Amino acid sequence: MGNVAVVGAQWGDEGKGKIVDWLSERADVIVRFQGGHNAGHTLVVDGKVFKLSLLPSGIVRGGKLSVIGNGVVLDPWALLAEIGKLAGQGVAISPDNLMIAENTPLILPLHQDLDRLREEAAGAAKIGTTGRGIGPAYEDKVGRRIVRVADLGDAETLETRLDRLLAHHDALRRGLGAEPIDRLALRDSLLEVAPKILPYAAPVWQVLAARRAEGRRILFEGAQGALLDIDFGTYPYVTSSNTLAGMAATGTGMGPGAVDFVLGIVKAYTTRVGSGPFPAELDDETGQRLGERGHEFGTVTGRKRRCGWFDAVLVRQTCTTSGAQGIALTKLDVLDGFPELKICVAYELDGRRIDHLPTAASLQARVKPIWETLPGWSETTAGARSWADLPAAAIKYVRRIEELIGCPVAMLSTSPEREDTILVTDPFAG
């Protein structure tokens, strides 16, 4: 049995929460390896809805170890609020089932301030950040001035970190017309939260290596999607971390050989939140219908998602950059009742047919979708748990997607309920 990395293969919101929850029952350790509380996962377990932002999806399963890796940027106050909310839903969380890497960077209130100030200053050119401070925190990590979890237990180091951090941020704030940071208040708030966070701190790289040596199954849980990757996404309308499967190694302290199977999560149509290019977008009645049927509102922000037909060009591209060996196709039931369906099979750029999304933003803005039309189905796929339960036209649609993206369907999801899943290939068995 191998270890599995789960990543979104579109712009996020692909339904990773349900798939990770389904897989977590078969795993021993579930690890978040990048992102922050700007991404949300919704789980439906026995009719009960859990909404997670920071905690790994396995936290709602008893007997599992959940881990927040060093590739994540962690808002300690948001984490404690999420722990408290889940406790109210009957989920017990303690250092026995949750661990945080000691070298995990912290998101502070000043990071959220900077997010907001920059977006306000950008006006119409804003990039649609969630305002959670994710980007500024990653900037400070790279700038070698971030406060990390281990620093909460080292008063001398904490003072040094704050000196360096505030020297940078106060200068930025002056340029944006904001007041300087209240250093004493910030330090006191960190000292106050420290005893609540430090019990979870551990050398995660060492713990994971030991669990792997014992033959334990590890599930690496990604956030957002491949098209929001800082390097390979639709830059600058991206997140501030690497969202591809390769980040599972550096975001946890394990080598790349620790991942045996990469599963890309793919929605049966396409959605996007916020600004940026979206070649297959439907700004019409069909797009609205997809959004309404799919309940397309962000888990974290509540923002309405832009909707469009399936874009095989983009998913073929992200399966390549993430090294996906299989996909989990979700929300097939949303397409029930459409008389015909379209798939974007290529782009037209200035009269030329191309088979990938260009890197240059000006070119991305000019590409136009080339459509292939397939028959829809009137029967329902909701709740299907085997191929025999699916209409012939739905099977044809799934098989055509496999052909176009060059990657097989390993799992098929037909409702938010975890049991409404068709398993083709067990990712843990490879």
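Student: How do β5 and β6 pair, parallel or antiparallel?
Tutor: Parallel. In this predicted model, strand β5 (residues 65–68) and β6 are joined over three bridges. Ser 66 stands opposite Leu 98 in β6.

Student: Is β6 buried or exposed on its faces?
Tutor: Both faces of β6 (residues 98–101) are covered. Leu 98 and Ile 100 are buried on one side, Met 99 and Ala 101 on the other.

Student: And how does β6 run against β7?
Tutor: Those two run parallel, with two bridges between them. Ala 101 stands opposite Ala 202 in β7.

Student: Zoom out. What's the strand order in the sheet?
Tutor: Ten strands form an open sheet: β7-β6-β5-β2-β8-β1-β9-β13-β17-β18. The pairing is mixed.

Student: Which strands stand at the edges?
Tutor: β7 (201–202) and β18 (421–423). Each has a single partner strand, so one side of each has no neighbour in the sheet.

Student: How does β18 run against β17?
Tutor: Antiparallel. Three bridges join β18 to strand β17 (residues 409–413). Ser 413 has Thr 421 in β18 as its bridge partner.

Student: Which helix lies across β17?
Tutor: Helix α12 (residues 392–405). It lies across β13 (326–330) as well as β17, and runs at about 140 degrees to β13.

Student: Switching to α3. How far does it reach?
Tutor: Helix α3 (residues 109–122) has 14 residues. It reaches 20 Å from first C-alpha to last, close to the 20 Å expected at 1.5 Å a residue.

Student: Which residues of α3 are buried?
Tutor: Leu 110, His 111, Leu 114, Asp 115, Leu 117 and Glu 119.

Student: What covers them?
Tutor: The cover includes α4 (134–142), α5 (155–175) and α6 (183–197).

Student: Why do residues three or four places apart in a helix point the same way?
Tutor: An α-helix has 3.6 residues a turn, so residues at that spacing point the same way.

Student: What comes just after α3?
Tutor: Gly 123, which takes a positive phi of about 60 degrees.

Student: Last one. Where is Ser 24 found?
Tutor: In helix α1 (residues 16–24).

Student: Is Ser 24 buried or exposed?
Tutor: Buried. Its relative accessible area is 0%, and the cut-off for buried is under 20%.

Student: What is Ser 24 in contact with?
Tutor: Leaving aside neighbours within four places in sequence, Ser 24 is in contact with Ile 30, Gly 58, Arg 61, Lys 64 and Leu 219.

Notes
Residues numbered from 1 in each chain as written. Predicted model: local features only at pLDDT ≥ 70, side-chain atom pairs only at ≥ 80, totals over all residues. Heavy atoms only, no water. Pairing = 2+ DSSP bridges. Helix = DSSP H or I, 4+ residues; strand = E, 2+ residues; numbered from the N terminus. Contact = heavy atoms within 4.5 Å. Axes fitted to C-alpha atoms, helices over the stretch in contact; angles between N-to-C directions. Expected span 1.5 Å × (residues − 1). Buried < 20%, exposed > 50% of the residue type's maximum accessible area, 1.4 Å probe, protein only.
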